[in-house]
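Visitor: I would like to learn how to read a model of this kind, feature by feature. Could you take me through it, giving the general idea and then the case at hand?

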Amino acid sequence: MFIWIIKRDLLLAVRRQSDVLTTLFFFIIVVSLFPLSVGPEMNLLRAMAPGIVWVAALLASMLSLGRMFSNDYMDGTLEQMLLSPQSLSLLVLGKALAHWLVTGIPLVLMAPVLGIQYDLPVDALAILTFSLLLGTPVLSLIGAIGAALTLGLRGGGVLVSLLVLPLYIPILIFGAGAVEANMAGVEFDAHLSLIGAFLLVSMVFAPWAAASSLRVSLE
Amino acid sequence: MAINWFKYSSPASFYSLAGKMIPFFTVIAIILLAAGLYVGFFIAPTDFQQGEAYRIIFIHVPAAWMSMFLYVVMAFWAGIGLAFNTRLSAMFASAIAPTGAMFTFVALWTGSLWGKPMWGTWWVWDARLTSELILLFLYIGFMSLQAAIDDPRRADKAGAIIALVGVVNIPIIYFSVQWWNTLHQGASVSVNQAPSMATTMLLGMLIMVFASWMYSIAIILKRIRVIILERESHTSWVAELQKKGTVS
């Protein structure tokens, strides 16, 4: 069931590539807007790069949250999934993982290229990529709660940002913090360990909370 | 003697109980408020370091305490409502949220009024200020989620889940913000070493804290009565109240 739901969501994403590409290009455009707004001063840009890339990744991941459940909700698949004897939490975990594979992984792969635009040194690029690799699944998992709560609501897209963005703050702090620590020549392991801890904790609790949110939304 | 603890968990009987309690708490709140402001503005001595500007603490500190305390109370009632499916608990949670958000806003606002003469700036990205701001976001998220859902039962449960997720996250957010702040020491101003306070200052502040509690209880009960009437408008007991003319 778990593998099946991931395969199914991936297949759906492959059939509708425009969705994936929209998220990715949103990420690229947001990151590219910053030099245009603050000026091409390289030292300034280098200092801001980790924060900018992380904020853009946060927004891109959040914007695509609406798709996690809404298509299945519209055509009634979600209701069938709720009725199935399999654990709903596991199913939500599968959907969040699929969401990460579809939106998170492209962001992670694109991040080094954008980092080069900001003239980041090579090891900072590696840490930026690694912190995104660890952090973006947490975004998908926490986002699943928000997506499940706002399912089928008026203006759900804006609402989900109000619910989810405050909860993303710790990830943002430690994700961008790891890169900044490395650039400042300080130990950065602690930041990455904390993101890893968030990942483990959210893997346990977020699917459960999102599953009960789905039950509330589909009551 | 067996007490029926659940008597007042029915909205109908709680409605009349709340009606009796409101005047009591309102009067105490007004008395304490007057006493607290009098002590704060006329009796408490001028601070030798901060001058008169320190007097903002008589509003700022109670507001900041209430803002955090009320979020926990809100999440508690939301959790009870979710677990035991009691209607009144969920109503409590939605009645607390606007008051909590108001206190959060007051704390931020008075804080920046104090910050201008003391630190020379309206805002610093200090750990406490930032966490308080995030707390405001959490309140607003809770209220806008409830406002967006038309079905009250679904609104209660969805709000309960987000309140509980928020309350689990508050310590995480607080400590990450604090750590983030210590990494970027440059611009921040330390607010950790509070100078020791004169007894009258402390007394004034404590009176104001109790005044805020009484005010919160009164206003939350008032709001809960409105929520009860709104949700129970189809029932016979509300129709009877309307006939008597006590509710229009």
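Visitor: Let us begin with the fold: which pattern does chain B follow when read along the sequence?

Guide: Please keep in mind throughout that this is a predicted model. Read along its sequence, chain B follows the pattern α-α-α-α-α-α-α, and the count for chain B is accordingly given as 7 helices and 0 strands. Of the contacts in chain B with a separation of 6 or more, 79% are between residues 24 or more positions apart, while 37% of the 248 residues of chain B count as buried.

Visitor: How should I read the packing of two helices, and at what angle do the axes of H3(A) and H6(A) cross?

Guide: One looks at the distance between the axes, then at the angle, then at the residues that meet. In chain A, the axes of helix H3 (residues 42-63) and helix H6 (residues 88-117) come within 11 Å and cross at roughly 155°. Because angles over 145 degrees count as roughly antiparallel, H3(A) is roughly antiparallel to H6(A), and the crossing of the two is right-handed. From H3(A) the contact draws on Ala49(A), Val53(A), Ala57(A), Ala60(A) and Ser61(A), and from H6(A) on Thr103(A), Gly104(A), Leu107(A), Ala111(A), Leu114(A) and Gly115(A). Sorted by class, the residues of this contact are 7 nonpolar and 4 polar, with no charged residue.

Visitor: Which residues make the contact between H3(A) and H8(A)?

Guide: Here H3(A) contributes Pro50(A), Gly51(A), Trp54(A), Val55(A), Leu58(A) and Met62(A), whereas the residues from H8(A) include Val160(A), Val164(A), Tyr168(A), Leu172(A) and Glu180(A). By class, the contact of H3(A) with H8(A) has 12 nonpolar, 3 polar and 1 charged residues. The axes of H3(A) and H8(A) come within 9 Å and cross at roughly 150°, and the two helices are therefore roughly antiparallel to each other; their crossing is right-handed.

Visitor: And in chain B, how are H3(B) and H6(B) oriented to each other?

Guide: H3(B) packs against helix H6 (residues 199-231) of chain B at an angle of about 130°, with the axes 9 Å apart, and the pair is therefore described as oblique. This crossing is right-handed. On the H3(B) side, Met91(B), Phe92(B), Ser94(B), Ala95(B), Ile96(B) and Thr99(B) take part, and they meet residues of H6(B) including Ile219(B), Ile220(B), Arg223(B) and Ile227(B). The classes in this contact are 9 nonpolar, 3 polar and 1 charged.

Visitor: How many residues of chain B are in contact with chain A?

Guide: To read an interface, one counts the residues on each side and then asks which elements supply them. In this case 21 residues of chain B are in contact with 20 residues of chain A. On the chain B side, helix H4 (127-148) and helix H5 (152-183) each supply at least two residues, and H5(B) gives the most, with 12 residues. By class, that side of chain B has 15 nonpolar, 4 polar and 2 charged residues.

Visitor: What is the value of phi in Asn85(B), and where is Asn85(B) found?

Guide: The background is that most residues other than glycine have a negative phi. Asn85(B), which is not a glycine, has a positive phi near 60°, and it is found in the loop between helix H2 (57-84) and helix H3 (87-119) of chain B. With 12 C-beta neighbours inside 10 Å, Asn85(B) counts as exposed, because the limit for that class is 12 or fewer. In chain A, Asp119(A) also has a positive phi, of about 60°, and lies in the loop between H6 and H7 of that chain.

Visitor: Is Asp119(A) buried or exposed?

Guide: Asp119(A) is exposed, with 12 other C-beta atoms within 10 Å.

Key: Residues are numbered from 1 along each chain as its sequence is written. Chains are lettered from A and ligands numbered from 1 in the order in which they are written. This is a predicted model: local features need pLDDT of at least 70, side-chain atom pairs count only at pLDDT 80 or more; totals for chains, interfaces and linings use all residues. Two residues are in contact if their C-beta atoms, placed from the backbone, lie within 7 Å. Helices (H or I, at least four residues) and strands (E, at least two) are DSSP runs, numbered from the N terminus. Ala, Val, Leu, Ile, Met, Phe, Trp, Tyr, Cys and Pro count as nonpolar, Asp, Glu, Lys and Arg as charged, and the others, Gly among them, as polar. A residue is buried if 20 or more other C-beta atoms lie within 10 Å of its own, exposed if 12 or fewer, and partly exposed in between; C-beta atoms are placed from the backbone. Axes are lines fitted to C-alpha atoms, for helices over the stretch in contact, and angles run from 0 to 180 degrees between N-to-C directions. Angles under 35 degrees count as roughly parallel, over 145 as roughly antiparallel, 65 to 115 as roughly perpendicular and the rest as oblique. A crossing is left-handed if the near helix is turned anticlockwise from the far one by less than a right angle, and right-handed if clockwise.
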